[in-house]
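Take a walk through this predicted model.

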Amino acid sequence: MKKMNPLLIIILAIGVFGIITTEMGIVGVLPQVTEKFEISATQAGLLVSIFALVVAISGPFLTLLASGMNRKFILLTAVVMFAISNFVYAYTARFDVMLIFRMVPAIFHPVFFSVALVTAAKLVPPEKSGKAITQVFAGVTVGFALGVPVTSYLADTFSLEAAFLFGAVISLIAFLGILMWLPSMPVKDKMSYGNQLRILRKPQLWLNVAAVVCIFAAMFSVYSYFAEYLGKQTQMSSSWVSIMLMVFGLIMIVGNFLFGSLLHKNMTKTVILFPLLYIISYLFVYFLGSSFIPMLIITLIWGLVHSGGLIVSQTWLTTESKEAPEFGNSLFVSFSNLGITIGASVGGWFITQWGVHELIWSGIGFALLAFILIMIKIKVFSSATI
């Protein structure tokens, strides 16, 4: 394994990039989807929430079931399902069909993510496993930085079909790379289901889980309607919305390294600080989001803070699941997506009830809940490793 083709790490990162592009790329094209299917923004938001809900429900269980299967087979099956689903998005004329094929790849999302991270660690010497995992995880940030805005740009410049075919091609590239270069990887030392499930007995784990759910709900109750907000509240054209998605994503790369450094220096303070920073960012959006120039600057701040939610939440949850890291990763994927589901649904309800401008208060409310849960965890389990 130590002489493995270094391109494999890149291929796994491309696979993660394709998954994030498929999952979140829909955010940048919701206006075009509402127009194509003649539905409301709230109905279109189901494409975000239904995907996340399936991930949340199926993630840990399917990861347990797949824990004894050949990793190459799992990875190949997952990426080919993402490719097929994107082809369906591109050519279906029925919204219900599109909803169904949002659920299909969602089943494979947490399995691919968890297995890809473990596979990356297995492909290199032990002392380099952390770096390999970080490189594969970078596919998430790059998915936000490039996948989402490129999807939006293609839909705006060419068509929705072109936008979704982009996601299909990315997944096919990952499929071919895994097929040609990844050797068969049967699991030799399978951890029993009981040993993996034992971490669920820890009450402090569930406080961490609840905080992660609220953090992601805070992030995606508003971000799920990013294009809708900028279009209607800031009065930006679709071209400017695509640019803002690109800027938002690129600044996330900077934020990822920033929050990674802060976590390394002091994890507890960084975790406490994050929801407070999000509340401040949302207040800027609420009071200045109707003005074009201020919103350009606020988008930079928003994107910088938003990126921290990924690494802060993952670090916070996995500190309580070190005994079963693969299962712990699946819990993070699952419950973060539950947060996305709740956030997107509540955000859509806010838009229906009070309009797109008041959407911001849903994000502030969830961020406040996350802060309270984090403080409870720290106060109650002050002697625990946090």
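Four salt bridges occur in the structure. Begin with lysine 202 and glutamate 320. They form one of these bridges, with the closest N and O atoms 3.2 Å apart. Lysine 202 sits in the loop between α9 (193-197) and α10 (203-223). Glutamate 320 sits in the loop between α14 (292-318) and α15 (325-354). The pair therefore ties together parts that are 118 residues apart in sequence.

Are the two partners buried or exposed? The cut-off for buried is under 20% relative accessible area. Lysine 202 has 19%, so it counts as buried. Glutamate 320 has 4%, so it is buried too.

Glutamate 320 also forms a salt bridge with lysine 377. Here the closest N and O atoms are 3.2 Å apart. Lysine 377 belongs to helix α16 (residues 360-380), while glutamate 320 is in the loop between α14 and α15. This pair therefore ties together parts that are 57 residues apart in sequence. Lysine 377 is buried, and so is glutamate 320.

Glu320 bridges to Lys202 and to Lys377.

Glutamate 228 forms a salt bridge with lysine 232, and their closest N and O atoms are 2.8 Å apart. Both residues lie in helix α11 (residues 226-232). They are four residues apart, about one turn of the helix. Lysine 232 is exposed, at 52%. The cut-off for exposed is over 50%, so lysine 232 passes it.

The protein chain has 21 positive and 13 negative charges.

Valine 55 is part of helix α4 (residues 46-66). Its relative accessibility is 0%, so valine 55 counts as buried. Which residues does valine 55 touch, leaving aside its neighbours within four places in sequence? It is in contact with Ala106, His109, Pro110, Val333, Ser334 and Asn337. A distance along the chain gives another view. Valine 55 and proline 6 are 49 residues apart in sequence, and their C-alpha atoms are 30 Å apart in space.

Finally, consider the fold as a whole. The protein chain has 16 helices and zero strands. Its radius of gyration is 20 Å, close to the 21 Å that the globule rule gives for 386 residues. The chain is therefore as compact as a globular protein of that length. Its C-alpha trace spans about 55 × 50 × 30 Å along the principal axes.

Burial and contacts complete the picture. Of the 386 residues in the protein chain, 58% are buried. Take the contacts between residues at least 6 apart in sequence: 84% of them join residues at least 24 apart. The accessible surface of the chain comes to about 15300 Å². Carbon and sulfur atoms account for 71% of that surface.

Conventions
Residues numbered from 1 in each chain as written. Predicted model: local features only at pLDDT ≥ 70, side-chain atom pairs only at ≥ 80, totals over all residues. Heavy atoms only, no water. Helix = DSSP H or I, 4+ residues; strand = E, 2+ residues; numbered from the N terminus. Rg over C-alpha atoms; globule rule 2.2 N^0.38 Å. Buried < 20%, exposed > 50% of the residue type's maximum accessible area, 1.4 Å probe, protein only. Contact = heavy atoms within 4.5 Å. Areas by Shrake-Rupley, 256 points an atom, 1.4 Å probe, with all protein chains shown as cover. Lys, Arg positive; Asp, Glu negative; His and termini not counted. Charge placed at Lys NZ, Arg CZ, Asp CG, Glu CD. Salt bridge = Lys/Arg side-chain N within 4 Å of Asp/Glu carboxyl O.
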